[in-house]
Amino acid sequence: MNRPVHLPEFGTPPLDELVLGVQFSPVPGYSSIYSGEIWELFKEDFPHVEEHPALEPQFETFGGHNARPGFQFSFGPAPTNSRMWFASEEQNDLIQFQSDRLLHNWRRGPNGMAYPRFEPIEQMYLCNLEKIRDFFRRRFSHELEITQAEIGYVNLIRVDDFSEIGKWFSIWKASQLNIEGLTTTFMEVVKDNDQRAIARLHHILQSVLTIDGKHKAYKLELTFRGLPKDKSIDGTIEFIRKGREKIVTRFTELTTDYAHQAWERLK
């Protein structure tokens, strides 16, 4: 896939992490005893393994009274499956797998790797998602039933002082305020051409310190999540691509000309 020509583009974007993911119905018969077989699918390119607690299932819901995004809890025996991390040699690429989820994270990391752009990361994720689909077909005679898909961008914008917020964000004209810290969260419903709600775009803006604790920064997270209308792998990837376009466009609208110049906006 080539980059859409209408999308804004930056030479040095402040992107610190990109996440692509799908959630699917748990596969009958699967348990953590099969995690070694899952690793066999990826270990050539992802040799480092860690084990973490599983993520709770999460769904975006629309319609009805007080409809809002949130977690869906299950009753019955507690899940025993953990979440496996498979990391690349350089630690910049990470696969997260559990019984109902597959995510791919690209992380800039301490080595400061340049962002390789969305297209090659998307292709890697598509390949790995197909591996999981084929594994469940072969091992359990079960088709992947996708229940949610998401894409998230985490941007880290270093600043000299948090009062500079008005220089970087067009929605904030607050440079005259002596800001010590900031945390703000809001969501917007995304609709299709028929005005049907298909996803939510989550915005989280925080004042933080960089990992080394030496610099102030604004951390802007934009996450697009929902249920693809076409739940096939191709339909899900198309849904993620739409989310990418929404995020890149909204990021550009939320930030200032000063910021665009600093990030070497190309178009």
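The model is predicted, so to speak of local features pLDDT of at least 70 is needed, side-chain atom pairs count only at pLDDT 80 or more, and totals for chains, interfaces and linings use all residues. Residues are numbered from 1 along each chain as its sequence is written, and side-chain values use heavy atoms, with hydrogens and water left out.

**How the space is defined**
- On a 1 Å grid over the protein atoms alone, a cavity is a set of points where a 1.4 Å probe fits but can't get out, while a pocket is an open set with protein on both sides within 12 Å along at least five of seven lines; lining residues have an atom within 4 Å of a point.
- Points are joined across faces, edges and corners, and a volume is the space filled by probe spheres set on them.

**Largest pocket**
- This pocket holds about 1,200 Å³.
- Its lining has 44 residues, with D16, E17, V154, K219 and E221 nearest the centre.

**Cavities**
- There are 4 cavities of 30 Å³ or more.
- The largest cavity has about 210 Å³ of space, and F10, P13, Y115, Y153 and V248 are nearest its centre among 17 lining residues.
- Helix 4 (233-254) and strand 8 each supply at least two residues of that lining, with helix 4 giving the largest share, 4 residues.
- The second largest cavity comes to about 70 Å³, and its lining includes F169, W172 and H203.
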